[in-house]
Amino acid sequence: MICGPIVAAALPSSSLLLLLLLSLTRAGSTALGRPVEIRAAVILPAESKFITTLSKVMPVLDIAVRDLYAKGILRETDVTFRFMQKDDKCEDIEAMRSGFELIINGRVDLFLGPTCDYGVDLVARMIKFWNAPLLTTGGFTNDFSLDKRDPKSKYFLLVRTGTLDFQDIADVVVSVLNRYSWKNVLLVYDIDGYWRVSGKQSCGLMTKTLVEMFKGNSSIRYNAFDLAKNPQNNLTENLRNEVGSKHTIVVVDDQQVRVEENHRASGERKN
């Protein structure tokens, strides 16, 4: 099994975004008749190499706001929106620095992003103290999926709009293994594979989730192989070496015999 691409929404869920923006505008106009300004921090990577970027998301936010006005849900004379962009480079420290800068320099009503998991972790820990919700299409690690309704929870006010997380993927994998009675698994992964989706160590975090699932299932035998151990070999060579010599099963007189056991027995006879 090789850590593959993670399906994720590249842009915010417009319906949920509208609901969240509406929840911030219940006060309506100020007593002086000036419109209420909703200040939203948009913390995302700027480089196009990432799946979710400022250049992709900002036009969607503009469309969402125009839709609110066009449908008469809100009036521009009552509510306006200010989107404050910050490039976090998909780095956790940059995401945290961006959040602090925006909070120090003025009020923040809503955070849109980060989407890279390590950045989500740092900023989402702070938002309950800043009293501002965080909406993200990222946050695939298991902890982000736990119940967050208690104000004392670590990620209180964090809202994930992604269609799945690492736990969902692991559940599907285990279901397939059980369906076909597959018991021997080799996890082949590139620890930073698909960093374009959720940042550094994305496949490493996915593999960790699978390992935790396998530990709870005594019928599954598993090993993990980090492709970084043999960087001089390409994927085909690594698969040939790891799968071909250690995890292949041959049939001899209607009996399944593992190649690795044959090699070990052969070595013992020679000695």
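View 1. Residues 24 or more positions apart supply 66% of the chain's contacts with a separation of 6 or more; contact means heavy atoms within 4.5 Å. This is a predicted model, in which local features need pLDDT of at least 70 and side-chain atom pairs count only at pLDDT 80 or more, while totals for chains, interfaces and linings use all residues. Residues are numbered from 1 along each chain as its sequence is written, and side-chain values use heavy atoms, with hydrogens and water left out. The chain has 9 helices and 9 strands (DSSP runs numbered from the N terminus: helices are H or I, at least four residues; strands are E, at least two). Of its 271 residues, 40% are buried (under 20% relative accessible area; exposed is over 50%, partly exposed in between; 1.4 Å probe, protein chains only).

View 2. Five strands pair in parallel, in the order 2-1-3-4-5; pairing requires at least two DSSP bridges between two strands. Strand 2 (79–87) and strand 5 (158–160) are the edges, each pairing on one side only. From one strand to the next, the twist averages 20 degrees (axes are lines fitted to C-alpha atoms, for helices over the stretch in contact; angles run from 0 to 180 degrees between N-to-C directions).

**View 3. Strands 1 and 2 with their helices.** Strand 1 (residues 36–44) is joined to strand 2 by 9 bridges. Arginine 39 stands opposite arginine 82 in strand 2. Helix 2 (residues 54–70) lies across strands 1, 2 and 3, at about 175 degrees to strand 2. Helix 3 (residues 92–105) touches strand 1, strand 2 and strand 3, at about 140 degrees to strand 2.

**View 4. The salt bridge between glutamate 91 and lysine 200.** Their side chains meet at 4.0 Å, N to O (a salt bridge is a side-chain nitrogen of Lys or Arg within 4 Å of a carboxyl oxygen of Asp or Glu). Glutamate 91 lies in the loop between strand 2 and helix 3, and lysine 200 in the loop between helix 6 (195–198) and helix 7 (202–215), so the pair ties together parts 109 residues apart in sequence. Glutamate 91 is partly exposed, at 36% relative accessibility. Lysine 200 is also partly exposed, at 33%.

View 5. Lysine 215 and glutamate 212 both lie in helix 7, 3 residues apart, about one turn of the helix. Their closest N and O atoms are 3.7 Å apart. Lysine 215 is exposed, at 56%; glutamate 212 is partly exposed, at 45%.
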